[in-house]
Structure formats: structure tokens, C-alpha cells
Amino acid sequence: MAAQMTDSHRRFLQVLMSHGIMEGSEARKLHRHCCEIHKVYYAHDKLDDFINTINIHLQPLFMQIRKGMSEDDGRVRYALVNLAETEITKMASDYTENELELFRKTMDLIILSENGFASSTEILNFADQLKTKKMKKKEAEQVLKLFVEDKWLSERNGEYTLHTRCIMEMEQYILSNYQGVARKCNICHSLAIQSQVCETCGIGMHLPCVGKYFKAQTEPHCPHCNDFWPHEIPEVSRMDSQLSSKRERGKELHSQH
Ligand SMILES: [Zn+2]
Ligand SMILES: [Zn+2]
């Protein structure tokens, strides 16, 4: 029997919908808040069950709350994804045809790049080559801004990559449309856009996964072919994945000094 959907679940869903995507720690706080406000049973380790209940009720709507990881910090994210459409058509109602074409070009650049980033210059070069309708550079800049606001892209110093929400929503689409190019992380087995790649055997790993995997190893070797791993090992930021107690965090902070 499906668990009952209560007002606490509905409130959680509404807040998540308005954000599109949430950090694990925010989602845990929200879970607690929703349960307290509606006076229903709360257990801090039951967030995934709580979400499963919502997901059962979202199924007929072809929606789902999905748990994923940010490629930037390796932390958990929860996003509401649309399962009804498996392609970029998810975006079709929000953008014009040439905006979508620019998004596809940007996605190509990002996925075909070595590090998972495309520069604004590279992207803007496509603006006056679009087949559907050419764009002025200024216009294209505005559209890029919109993609960032809507959480399809994220931007850092003029370099663009796919937003975590976009990856969570379009993972299947990307894996099937960029076969042989898009790769899965050798550690967590989900799609890896920003990654380090073994120069010998070609496997890839997310940066946070690299950091965790090679933590405390002085001579990192590829987990697949055992060749020397020639990249700089990113430092593991405080992974908050399942850490929730303040005491433990305090301990962690102290041990860093
Ligand atoms: Zn990974
Ligand atoms: Zn290798």
C-alpha cells in the first residue's frame, strides 16, 4: 500500500518546485520543518523514505524527485525532474527555436570539450550561424544569462558548464545522444561532464570522486589500468553527504587545523 501523502509532503514538494534543485542540507532542513509544521512523524534519517512517498504520487504525472551529486562540490542535490519528455524538448515551452539551437550548440561544446567547459566566446561565435534564426551577440549573451537563471547552465569566469539540475534531468538523453563521447564516472557510475580522464585507458572520474578516491594516496594510479594518474588531485571539500550533526562537523573543522 502506498504511504499516505500528507500536507508535510505537499509543502516539501511545493518548496522544491519553486527552487527546482536543492542542496542535501537544505532538503534535510526542509524535511524537518515540514514535519514539524504539520505535526507528523519526523526522523532525520528518513528523508529518502519521505521523498519516496512523494515520488509514488508523482508517478502518474511523469515527475520524480531525483537524488544526484553536484560535480562542483560532490554534495548531494535533490531535483524535481520531468520524465515525460526525454529530450531537450523539456525546454521547448520556455524557449524559442533559435534559443534552443544555441543551447544544443553549447551542450555540444561542453560535452566535446576536455574539461566540461565552453567559453562564452566559443558559444557566442555560433550566434550568427544559427540555422533557425541568427542572433546578435548581445542577444545571445542575454539568452545565456537566462539559461543560467533557469538552471540549465552554470557559469564561472565566463566559462559555461551544464548545471547539476540539467545533468540530473538530461542524463539519459546525453548518454544516448553522445554515445562514445559522454562518459560515466568510473567511481559513482553517473554521467560525468566535468571530469579528469586517464590518458592511457580513457576512463573518466568526477573531480569530487577523484578527490575522494585518491585521498591520502601519495602516488595515484588509475583504478582501471593502474597507470600513473597524471592530473592534479582536487582537494576533498567538506563532503556533507550524510554528515548532519554539528558535533561531527566541529570535529572535522578542528582536525583541519
Ligand atoms: Zn563520480
Ligand atoms: Zn587508466
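**Entry 1: Ser-119**

I began with the contacts of one residue. Leaving aside residues up to four places away in sequence, Ser-119 touches Gly-158 and Glu-159. I note here that the model is predicted. I then looked up where Ser-119 sits, and found it in strand β4. Is Ser-119 buried or exposed? Its relative accessibility is 15%. Buried means under 20%, so Ser-119 counts as buried.

**Entry 2: the strands around it**

Next I followed strand β4. It covers residues 118–119. Which strand does β4 pair with? I found β6, residues 159–162, in the antiparallel sense and over 2 bridges. For Ala-118, the bridge partner in β6 is Tyr-160. Glu-159, which Ser-119 touches, falls within the residue range of β6.

I then looked up β5, residues 153–156. It also pairs with β6, antiparallel, over 4 bridges. Here I picked out Ser-154, whose bridge partner in β6 is Thr-161. β5 and β6 form a hairpin, with 2 residues between them. In the turn I checked Asn-157 and read a positive phi of about 45°.

**Entry 3: salt bridges**

How many salt bridges does a search of the whole structure find? I got 7. I wrote up three of them. As background, side chains of opposite charge can pair when their charged atoms come close.

I took Arg-32 and Glu-36 to start. Their side chains meet in a salt bridge at 2.9 Å, N to O. Both residues lie in helix α2, residues 24–37. They are 4 residues apart, so about one helical turn separates them. Arg-32 is partly exposed at 43%, and Glu-36 is partly exposed at 47%.

Then I turned to Asp-48 and Lys-67. Their closest N and O atoms are 3.0 Å apart, in a salt bridge. What does this pair tie together? Asp-48 lies in helix α3, residues 47–58, and Lys-67 in strand β2, residues 63–69, so the bridge ties together parts 19 residues apart in sequence. Asp-48 is partly exposed, with 34% relative accessibility. Lys-67 is partly exposed as well, with 40%.

My last pair was Arg-77 and Asp-73. They form a salt bridge, with the closest N and O atoms 3.0 Å apart. Are these two residues buried or exposed? I found that Arg-77 is buried, and Asp-73 is too.

**Entry 4: the zinc ion**

I finished at the zinc ion, ligand 2. Which residues are its protein donors? I listed Cys-198, Cys-201, Cys-222 and Cys-225, each through SG, lying 2.3 Å from the ion. In sequence these donor residues are spaced C-x2-C-x20-C-x2-C.

I then checked the angles. Among the 4 donor atoms they run from 107 to 112°, and the site is tetrahedral. For reference, the ideal angle for four tetrahedral donors is 109.5 degrees.

Cys-222 is buried, with a relative accessible area of 2%. Cys-225 is partly exposed, at 29%.

Notes:
Residues numbered from 1 in each chain as written. Chains lettered and ligands numbered in written order. Predicted model: local features only at pLDDT ≥ 70, side-chain atom pairs only at ≥ 80, totals over all residues. Heavy atoms only, no water. Salt bridge = Lys/Arg side-chain N within 4 Å of Asp/Glu carboxyl O. Buried < 20%, exposed > 50% of the residue type's maximum accessible area, 1.4 Å probe, protein only. Pairing = 2+ DSSP bridges. Contact = heavy atoms within 4.5 Å. Donors = N, O, S within 2.8 Å, 3.2 Å for Na, K, Ca; no water. Tetrahedral: all angles 85-135°; square planar, octahedral: opposite > 155°, others 65-115°.
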